[in-house]
Amino acid sequence: MPSFQTSPGTRDILPPQAGRWRALNAVFAGVVESAGFECVIPPMFEDLGVFLRLGDATDVVTKEMYDFEDKGGRRVALRPEHTAGICRSFAQHRPTTPWKVWYSGSNFRYEKAQAGRYRQFDQVGIEVLGSTDALLDVEVISLGWRFFQELGMSSVLLMVNSLGDLADRERYIDALRAYFVTHSESLSAESRATLERNPLRVLDSKRPQDKSVIAGAPTINDFLSDEAREHFSLVCRGLDQLSIPYAVNTGLVRGLDYYQRTVFEFVSTALDSAQTAVGGGGRYDGLVEDLGGPATPGVGFAMGVDRTLLACDAEGVFLAGDAPLDAFIIDVTDGFAALRIADRLRAAGFRVDRAFDGRSMKAQMKVADRSGAQVAIIIGSDEAAAHSCTLRDLGTSEQRLVLEADLVENLSALVGSRTPRRTTS
RNA sequence: GUGGGCGUAGCUCAGUUGGUUAGAGCGCCAGGUUGUGGUCCUGGAGGUCGGGGGUUCGAGACCCCUCGUUCACCCCA
């Protein structure tokens, strides 16, 4: 057992899995940049106060925050999500609206790890600040949908709901509390405790005992203002226009307090663990103001990278790996030819690796084979004497002798031409 | 934070009611093939059996503690 290993809830993303993460990020960036979103990179930690706006009744704030005092006596916290930091950033820099940004990075929550849930977890997401347009909600949702489509997933379901405006929501919470209180003897002990803190969360209970009580609970529908109802109706009509399938789920409440009006969640039916939500988001019109900025509406989503890849595994899709090598150089002389040729071919734009430690030709050939390279470039004493090398196609096993001076041309013929890398000389 | 399962080689796992030097497959290294990979054959390296304590003549196995991991709850991506 080594002296050190990863801390609980964290892990090393090793190749080839790490290559898949980068590929997923690339797919995401491609989707959202096609809609005019630009990348933003906020800090990983912020003043604790930024995150306290997520809601003092939420677990994210009350027990999962990775907070600490730094050497200057500041109370800071590792971000548990990106949205609050991005709203703080907006309030600080006041960019022109609508501000359409995307991000990719780690978040931190002090929870006990389980399938699809880690203390350090990655999300990709988008936020739009400065517009109340319901069709913007649709655009945001549609980009999330397209992301899963481009990964090749077919197990993703979209659930939408409206939490109404602040006043609607408060009236609803009151009604919900009153209802649950009168039925509290039928509720589980856990749900009774939840009821004290946040009646909305009781709707999320997965305990069978609570099912019937929840089924009879008042729904948010009856409490929506005319404006909120119209907004939600536009969202649904927009999704219809794009032929994006969805289900209205009046029990969908989301875990953070800042949501208003539209909320949505993407769940994967391919996941059989307890965590099936691969992403979610909604509208948060009061958050920027809460953080001391101008009253600014906002809408966005975050997708869990880990869970999305788990769902891809379960579906057997998006099995992207790292790009293979073009060539592997085998030098059984003094190694200088490999050194020289590798440098030249890389400058010419090829992906090239080689062996070290003066191993036997057989050993180097095995490494070349495992590397996935298409071509082996072999330099033995005969080739070295003739300023040449043997090009062996590892797929067909055909090989021929070429002059070192003609190497780029001959390799191009086998693996295709490449664009030379930029040099300063 | 609470509860259950599991910790034996790099990986996946065997290991009988406690009984000699702890095994297999895959992977890795070397050789067969002194200039050629993917197949095959042979050999080799690699383990304080998660850690600590206890029971016993004797513990990988049994007991306690601890750490880690995993699944679930809480909650969430």
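Is Arg-261 buried or exposed? Arg-261 is buried, with a relative accessible area of 15% (buried means under 20% relative accessible area, exposed over 50% and partly exposed in between, using a 1.4 Å probe and protein chains only).

## What you are looking at

This is a predicted model, in which local features need pLDDT of at least 70 and side-chain atom pairs count only at pLDDT 80 or more, while totals for chains, interfaces and linings use all residues. Residues are numbered from 1 along each chain as its sequence is written, chains are lettered from A and ligands numbered from 1 in the order in which they are written, and side-chain values use heavy atoms, with hydrogens and water left out.

Chain A is assigned a domain 1, made of 17-165 + 225-315, and a domain 2, covering 327-415; these bounds come from an automatic or database domain assignment. The C-alpha centres of the two domains lie 48 Å apart.

## The five-stranded sheet

An open sheet of 5 strands runs in the order β13-β12-β14-β15-β16, with mixed pairing. Strands here (E, at least two residues) and helices (H or I, at least four residues) are DSSP runs numbered from the N terminus, and two strands pair if DSSP finds at least two bridges between them. At the edges are β13 (352-354) and β16 (399-403), each of which pairs on one side only. Neighbouring strands of this sheet are turned by 25° against each other on average, direction ignored; for such angles, axes are lines fitted to C-alpha atoms, for helices over the stretch in contact, and values run from 0 to 180 degrees between N-to-C directions.

Strand β12 (residues 327-331) runs parallel to β13, and 3 bridges join them. Phe-328 has Asp-353 in β13 as its bridge partner. Helix α13 (residues 336-347) packs on the sheet and touches β12, β13 and β14 (375-379), its direction making about 165° with that of β13; contact means heavy atoms within 4.5 Å. Helix α16 (residues 407-415) lies across β12, β14, β15 (388-393) and β16, and runs at about 5° to β15.

Now to strand β6 (residues 120-129): 9 of its 10 residues are buried, so β6 is largely enclosed by the rest of the structure. Its pairing with β5 is antiparallel and spans 10 bridges, with Asn-107 standing opposite Phe-121 in β6. β6 also pairs with strand β11 (residues 298-304) in the antiparallel sense, over 7 bridges; here Gln-123 stands opposite Gly-304 in β11.

An open sheet of 3 strands has the order β2-β4-β3, and its pairing is antiparallel. Because β2 (45-47) and β3 (66-69) stand at the edges with a single partner strand each, one side of each is left without a neighbour in the sheet. The twist averages 30° from one strand to the next. Between β3 and strand β4 (residues 75-78) there are 4 bridges in the antiparallel sense, and Asp-67 stands opposite Ala-77 in β4.

## Backbone details worth a look

Two cis peptide bonds deserve a glance. One runs from Pro-15 to Pro-16, with omega near 5°, and Pro-16 lies in the segment before α1 (17-33). Another runs from Thr-97 to Pro-98, with omega near -5°; Pro-98 sits in the loop between α4 (83-93) and β5 (99-108).

The loop between α4 and β5 also holds Arg-94, whose phi is near 50°, a positive value in a residue other than glycine. Arg-261 in strand β9 (residues 260-268) likewise has a positive phi, of about 55°, although it is not a glycine.

## A pocket and a cavity

The second largest pocket has a volume of about 320 Å³. Of the 14 residues lining it, Leu-166, Asp-257, Tyr-258, Gln-260 and Asp-290 lie nearest its centre. The elements giving two or more residues to this lining are α6 (166-182) and α11 (287-290), and α6 gives the most, with 4 residues.

The structure holds 1 cavity of 30 Å³ or more, and the largest cavity has a volume of about 30 Å³. Its lining includes Thr-58, Arg-169, Asn-198 and Asp-257.

On a 1 Å grid over the protein atoms alone, a cavity is a set of points where a 1.4 Å probe fits but cannot get out, and a pocket is an open set with protein on both sides within 12 Å along at least five of seven lines; lining residues have an atom within 4 Å of a point. Grid points are joined across faces, edges and corners, and a volume is the space filled by probe spheres set on the points.
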